Amino acid sequence: MTLSVETGDRPVDSARARNRPGRGRYRGRESARPARRIRDWASVTWFLVPALLLFALFVLVPIAVALYTSLFRWGGFGPPEDFVGLGNYTRLFDDPVFRGDLWRGLFLVVLSIAVQLPFALGTAVLLNQRLPGRAVYRTLFFAPYVLSEVVTGVLFGMIFLPGDGLADHLLDGVPVLDGLAGRWFSDPSTALPTVFLVMTWKYFGFHMMLYLAGLQSIPSEVLEAAAIDGAGPWRRFRHVTLPLLGPTLRISVFLSVIGSIQLFDLVWVTTSGGPTHSSETMAVTMFQFGFKRYQVGYAGAISVVMFAVSLVFSLLYQRFALRRDLRGAVTSMGAGR
Amino acid sequence: MSGGRALPGRTSPRRAPSGRASAGPALAGRTTAGGVLRHAAVWAIGAFVAVPLLYAVISGFKTTGDLTANPFGLPSDWRPSNYSGILSSGAFWRQIGNSAMIAVGTALLTVAASALAAFAFARYAFRGREVFFTLFAMGLMFPFAVAVLPLFVLLRTFGLLDNPLGVVLPQAAFGLPMTIIILRGFFRTIPAELEEAAVMDGCGRFGFFWRILLPMARPALGTVSVLAIVTSWNNFFLPLLVFTDPKWQTIPVGVQQFQGQYSTDYALVLAYVVLAMVPALAFYAVAERQLIGGLTAGATKG
């Protein structure tokens, strides 16, 4: 997303700004440039202040607060006084639940990339063809994205209710899958995969939309040229469509990973992280310690680690995966703008 | 199914390029084997998406006893009492009202602050521009959940708990990055000549912004407002923490509470879920274009 924004268009931009026939020149104040600068700054400041103030107060300060309080043993009331240094962090990484959170996060990320996104891509390719009623399908597939995770979670909590839910009735008597009956959210070995299933239901339509936008920006001449050169459908997909879709795919992977890191609502409503932590995520652990057990310093350390994980991932991803898109921007994404 | 009905006119050389991945003039899939397969696939995915939703709607018309005895079928008699009971309760409408008020407040604040900032970023060269812009853009990388705990501590210090502002202000702050990026992209497409002309006619900087740029940017403003409204409407984490007083509860918090309260009355809970979905789906029906345009623009433009 943001990441391809500043691709060296700055020189052009400021050059343009400089070449603009400024008012100054018309009033014969060519030499008054420094004064104008200051005035620019003054008015630019007024434009920026509301956003900066909001952003600083409610995004930057909280992150700083989390960093600071994570160094204390603190119940959340009064000023933090019991300084423990990095004690919360060492405790965190000794905690099997938190280490499990990291693994479970990785599990969700891997499943998303291996199952959910390919599924979304397949759907997008399907709907990119002439198909009667495809606009209706597109609208339908995207609809779950508009619902809140809470509503989705409560709905699927009902569907996967052991014994009485729709899922158990549907699978009643179906070989192999029959074994899932009564488990779903309530068995440690199936809880997290079930959460993933619901995530897929809710989010595949969003990724499908991204891919559809990407697919539509691929010029049909390229595909026709490949076809004339004798490439079959699969080779056209593999060697023309997929590479041209690269930037879209990389963005969608990015969004999917960030989404998995912060997953809370869905888990909280369906399993609260259980049974026996089997579907717990970092955000759920943080919530448990921060708001149920009042170990706010420790929960702050979890926030900081979530922050660090997102930051490191974003920076690495930007550096290694998205950088290419900046160069290729002219041939691929540029067409779609 | 496949060969018989193919019209000679259609099986022209055009057939070759019309394969799976082609966006081009594919054959109307109805007559080919591939077409049947495609339809089957789309139908299967459609069922995957639609069955849970339909299940909820239909179950809402049953009694819980009816629902456990007969989970799939249509109700033996359609009983609207679950729905009408919820609709005649004050709590449901209060939650809808709270969610709507908070969503509108968030959208107004996000869009106003972002439009001003995006204007500066898009059209002025000033020192530190890139630094500030990068700062905002980095906000996209931070999940909301990261800040929620310290936000709570902060809001308590400011006395903003059980106050709608305690939800509106942080939501607006977290909405800034995406909104600024989309709006900046749009503002850049408005030609500089226009501003020069406006200035020649004696329009100040803010006058240009307010009277010319904003009206021109109406489609983009619509898009980002829709995004802000949907995000706010669906937010759960922050309202859950900020509002302890039920009179401020928003609809996602309300759904969760309702489920906790009536956990064994499945049909009633499903009816509540359905009614909670309706505003979001209705809004989607009205604003589909803006919503999808905004999401894809947000993901690709930035």
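Predicted model: local features only at pLDDT ≥ 70, side-chain atom pairs only at ≥ 80, totals over all residues.
View 1. UniProt, in an unreviewed entry, gives the feature "transmembrane region" for residues 244-264 of chain A. The same record places that feature at residues 46-68, 102-127, 139-161, 191-213 and 296-317 of chain A.

**View 2. Residues 46-68 of chain A, 100% helix.** This span also carries the UniProt feature "transmembrane region", from an unreviewed entry. Strand content is 0%. From end to end, the C-alpha atoms are 31 Å apart.

**View 3. The side of chain A that touches chain B.** How many residues of each chain take part in the contact? Chain A brings 100 residues, and chain B brings 91. On the chain A side, helix 3 (residues 33-69) gives the most, with 17 residues. By class, this side of chain A holds 65 nonpolar residues, 22 polar and 13 charged.

**View 4. Phe196(A) in helix 9 of chain A.** Helix 9 of chain A covers residues 191-216, and Phe196(A) is part of it. Is Phe196(A) buried or partly exposed? Phe196(A) has 19 C-beta neighbours inside 10 Å, so it counts as partly exposed; a buried residue needs 20 or more. Beyond its neighbours within four places in sequence, Phe196(A) is in contact with Leu108(A) and Leu111(A). Asp168(A) is 28 residues from Phe196(A) in sequence. In space, the C-alpha atoms of Phe196(A) and Asp168(A) are 18 Å apart.

View 5. His277(A) is not a glycine, yet its phi is positive, at about 65 degrees. With 19 C-beta neighbours inside 10 Å, His277(A) is partly exposed.

**View 6. Helix 14 of chain A, largely enclosed.** Helix 14 of chain A spans residues 282-292. Why is helix 14 of chain A described as largely enclosed by the rest of the structure? Eight of its eleven residues are buried, so the rest of the structure largely encloses it. The buried residues are Met282(A), Ala283(A), Val284(A), Thr285(A), Met286(A), Phe287(A), Phe289(A) and Gly290(A).

**View 7. Tyr294(A), following helix 14 of chain A.** Tyr294(A) sits in the loop between helix 14 and helix 15 (296-328) of chain A. Its phi is positive, about 55 degrees, although Tyr294(A) is not a glycine. Tyr294(A) is partly exposed, with 14 other C-beta atoms within 10 Å.

**View 8. Chain B, a chain of helices without strands.** Chain B has 13 helices and zero strands. Of its 302 residues, 47% are buried. Take the contacts in chain B between residues at least 6 apart in sequence: 76% of them join residues at least 24 apart. UniProt, in an unreviewed entry, lists residues 96-287 of chain B as "domain: ABC transmembrane type-1". Those residues are 80% helix and 0% strand. The end C-alpha atoms of the span lie 19 Å apart.

**View 9. Helix 7 against helix 10 of chain B.** Helix 7 (residues 165-188) and helix 10 (residues 218-234) of chain B have axes that come within 10 Å. The axes cross at roughly 160 degrees. That makes helix 7 of chain B roughly antiparallel to helix 10 of chain B, as the angle is over 145 degrees. The crossing of helix 7 and helix 10 of chain B is right-handed. From helix 7 of chain B come Gln171(B), Gly175(B), Met178(B), Thr179(B), Ile182(B), Leu183(B) and Phe186(B). They meet Ala220(B), Thr223(B), Val224(B), Leu227(B), Ala228(B), Thr231(B) and Ser232(B) in helix 10 of chain B. The residues of this contact divide into eight nonpolar, six polar and no charged.

**View 10. Trp210(B) in helix 9 of chain B.** Helix 9 of chain B covers residues 205-216 and includes Trp210(B). Trp210(B) is partly exposed, with 14 other C-beta atoms within 10 Å. Leu116(B) is 94 residues from Trp210(B) along the chain. Their C-alpha atoms are separated by 9.6 Å.

Note on methods: Residues numbered from 1 in each chain as written. Chains lettered and ligands numbered in written order. Axes fitted to C-alpha atoms, helices over the stretch in contact; angles between N-to-C directions. Helix = DSSP H or I, 4+ residues; strand = E, 2+ residues; numbered from the N terminus. Parallel < 35°, antiparallel > 145°, perpendicular 65-115°, else oblique. Left-handed = near helix turned anticlockwise from the far one by under 90°. Contact = placed C-beta atoms within 7 Å. Nonpolar A, V, L, I, M, F, W, Y, C, P; charged D, E, K, R; others polar. UniProt positions renumbered as here; feature names shortened; annotations may be inferred. Buried ≥ 20, exposed ≤ 12 C-beta atoms within 10 Å, placed from the backbone.
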